[in-house]
Amino acid sequence: MSKDLLKVEDLRVYYPIKDGFPWSRSRYIKAVEGVAFEIKEGETLGLVGESGCGKSTTGRAILRLVEPQKGSKIFFEDQNILEYDKRKMIHFRKKVQIIFQDPYGSLNPRMTLGDTLEEVLAVHGKGQPHERRKQAAKLLDVVGLPKQCLSRYPHEFSGGQRQRVVIARALAVEPKLIICDEPVSALDVSVQAQIINLLEELQREYKLTYLFISHDMAVVRHISTKVAVMYLGKIFEIATTDELFDNPLHPYTRALLAAIPKITDKRKKEKRMLLEGDVPSPLSPPTGCRFRTRCPLVEDICAEREPGIKEPIPGHFVACHFV
Amino acid sequence: MSTPVLEVNNLKTYFFLGENVIPAVDSVGFSVNYGETLGIVGESGSGKSVTALSIMRLIPNPPGKIVGGQILFEGEDLLQKTEEEMRKIRGNKISMIFQEPMTSLNPVYTVGSQIAEAIILHQGLSKKDALKKSEQLLEMCKVSLPKKRLNQYPHELSGGMRQRVMIAMALACDPLLLIADEPTTALDVTVQAQILELMKDLQRKTGTAVLFITHDLGVINEIADKVVVMYCGRVVECGKKEDILKSPEHPYTKGLLNSIPVIDGPKKPLRPIRGVVPSPNEISHGCRFRSRCDYVMDKCEKEPPLMNIGDRLVRCWLVHNFEK
């Protein structure tokens with residue numbers, strides 16, 4: 001059994017809201033509220049949820065791009081990275097990298113691809129200066145771009161190609177964990193499949209571990225070994241991929257799966273489970289269970305008490321009163 | 001046999017950018033029958049939105065221009081109409097819903113006055129009656145508390161609610177044709193499911209024909225009767241939804257279906273289409289898909305015509321060979 005590479009416990013991230021008056025009491029959006037999960041080496045954990053559920057914030061918090069609240073714990077290789085100082089953080093970021101959704105925004109338009117890749121190597125002190133060009137060319141080769149691209153600028157490339165460059169840049173420091181924050185959402189389906197295949201190949205070749213954040217359940221099912229479903233800053237259900245998709249226990253997971261338009265009509269033309277309304281504002285989440293305002297199974301207890309995490313089937317965790 | 005409400009023949013919309021001529025839509029043709037839903041599917045840059053804007057005659061000119069073809073709406077060619085006549089058709093007999101509901105609603109007017117505007121303009125009702133009708137429309141589109149919404153501004157509503165308002169506005173004058181350009185792309189899946197369900201429901205009630213543009217084949221399966229697959233400004237395949245999704249003929253349609261991960265059933269490897277969508281001015285002759293096609297042959301230097309196979313149309317030489 002491989003060990004946990006990343007272990008997150010009771011992760012909380014609050015964003016303060018300024019309402020203009022310096023003397024008024026500060027309020028917070030509780031973007032992530034007590035999230036816990038672990039990822040084993042070589043695994044892919046898929047993190048799914050609708051917009052505003054806190055999945056991206058979770059990804060950023062792991063790299064401390066946003067600072068979690070006191071009391072949160074993030075263990076990477078058994079060390080709590082929230083206790084790291086600046087110097088140790090730089091070292092840590094050699095092992096953990098992130099890929100963002102928008103490949104247009106994540107590359108400097110005024111730097112050639114060669115400069116972009118060499119900069120990463122220089123910052124992290126990888127290789128000798130005169131060898132870096134060669135290393136950069138090698139990285140491009142790994143992600144399937146010709147080395148002639150080194151002297152070209154980001155605007156000369158399509159979205160898919162840019163995402164390849166971003167992946168190359170993440171690989172430059174030979175990380176162990178890559179946080180993929182919606183890496184294929186901005187791409188067309190045919191290109192999306194290319195990037196997914198590339199990520200899978202790289203994972204096999206370099207024994208990478210992924211935290212794969214996406215709103216697309218089909219993509220998550222394809223790429224993940226384990227899946228966590230988030231809603232308004234909480235994880236509702238977490239299980240291995242096949243278990244979660246074949247036997248969803250939480251009503252939200254079920255509704256989410258039912259809502260996806262499918263190409264093959266395997267199920268009968270049953271009346272599908274439609275959720276009412278929208279996701280409530282994270283500024284004032286419902287008391288008790290956060291899903292109760294849209295839940296078809298709602299009862300009085302849901303407003304009074306927040307359901308704890310249960311494990312009805314070994315390895316399958318769910319937070320609902322009625323499981 | 002029902003008659004088509006909209007028939008597009010040989011439509012060509014080009015963009016003139018300096019010395020470059022970009023054929024964004026090139027010889028596109030299809031028809032939509034009364035009460036039917038036609039889905040147009042394609043990747044970005046395939047010309048699906050330009051087709052929709054051409055039908056509404058909303059192509060910005062310059063740089064764009066409709067250089068040829070016919071758009072027959074109820075038998076009359078929209079391309080021959082004056083701007084004055086078009087204005088009477090838009091929002092009345094043909095209406096349109098866009099992807100981004102925030103940018104298509106006016107932020108400084110209340111929801112009620114925006115819906116009522118179309119009703120007053122096209123049906124000549126008084127403001128009071130128009131507002132009453134707006135309320136009914138919102139109720140029909142399952143907007144909660146319709147009376148309260150009339151006096152609210154778009155920023156007070158959620159994304160799904162705004163799209164419902166857009167639909168209410170589009171249906172205000174009982175259009176014969178509704179053009180929906182990626183109406184659910186910006187929404188979360190649970191809200192998307194609500195909107196799709198609503199649109200199907202309303203179509204059953206009103207009998208409006210729908211031209212539904214999307215890049216999502218799953219959405220097509222939910223809503224369309226017929227499908228047009230576009231690639232680089234061309235129609236590559238066109239037919240009944242079941243036929244196209246179950247047994248695609250064109251290599252591009254096949255490639256698209258093989259690129260999508262399945263949500264139910266065992267995992268199968270993704271077989272993406274290689275390369276990237278070429279920009280429309282890169283390909284001057286021959287089959288547009290040949291740079292990415294796995295079955296490319298010498299013949300592809302010449303562009304294949306749309307060929308009839310049973311009751312579908314396919315633009316590929318392979319199919320032509322099978323025929324012989």
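User: How much area is buried between chain A and chain B, and what share do carbon and sulfur atoms give?

Analyst: This is a predicted model. In it, the area buried between chain A and chain B is about 3400 Å². Carbon and sulfur atoms give 55% of that. Among the residues of chain A, His222(A), Pro261(A) and Ile263(A) supply 19% of the area that chain A buries against chain B, more than any other three residues.

User: What makes a residue count as in contact, and how many do on each chain?

Analyst: Heavy atoms must lie within 4.5 Å. By that rule, 37 residues of chain A are in contact with 38 residues of chain B.

User: How many salt bridges are there between chain A and chain B?

Analyst: The count is zero. A salt bridge needs a side-chain nitrogen of Lys or Arg within 4 Å of a carboxyl oxygen of Asp or Glu, so no such pair is counted between chain A and chain B. Polar contacts do turn up: the rule finds 11 residue pairs across the interface, both residues at pLDDT 80 or more.

User: Which helix gives the most to the side of chain A that touches chain B?

Analyst: H6(A) does, with eight residues. On that side, 16 residues are nonpolar, eight polar and 13 charged.

User: Why are S2 and S5 of chain B said to stand at the edges?

Analyst: The open sheet of chain B runs in the order S2-S1-S4-S5, with antiparallel pairing. Strands S2 (20-33) and S5 (76-77) of chain B each have a single partner strand, so one side of each has no neighbour in the sheet.

User: What makes S1 and S4 of chain B a pair?

Analyst: Pairing takes at least two bridges. Eight bridges join S1(B) to S4(B), so they qualify. In one of them, Lys12(B) has Gly68(B) as its bridge partner in S4(B).

Definitions and conventions
Residues are numbered from 1 along each chain as its sequence is written. Chains are lettered from A and ligands numbered from 1 in the order in which they are written. This is a predicted model: local features need pLDDT of at least 70, side-chain atom pairs count only at pLDDT 80 or more; totals for chains, interfaces and linings use all residues. Side-chain values use heavy atoms; hydrogens and water are left out. Buried area is the accessible area (1.4 Å probe) that two parts lose on being put together, summed over both. A polar contact is a pair of N or O atoms within 3.5 Å; within protein, one must be able to donate a hydrogen and the other to accept it, and residues adjacent in sequence count only if both atoms are side-chain atoms. Helices (H or I, at least four residues) and strands (E, at least two) are DSSP runs, numbered from the N terminus. Ala, Val, Leu, Ile, Met, Phe, Trp, Tyr, Cys and Pro count as nonpolar, Asp, Glu, Lys and Arg as charged, and the others, Gly among them, as polar.
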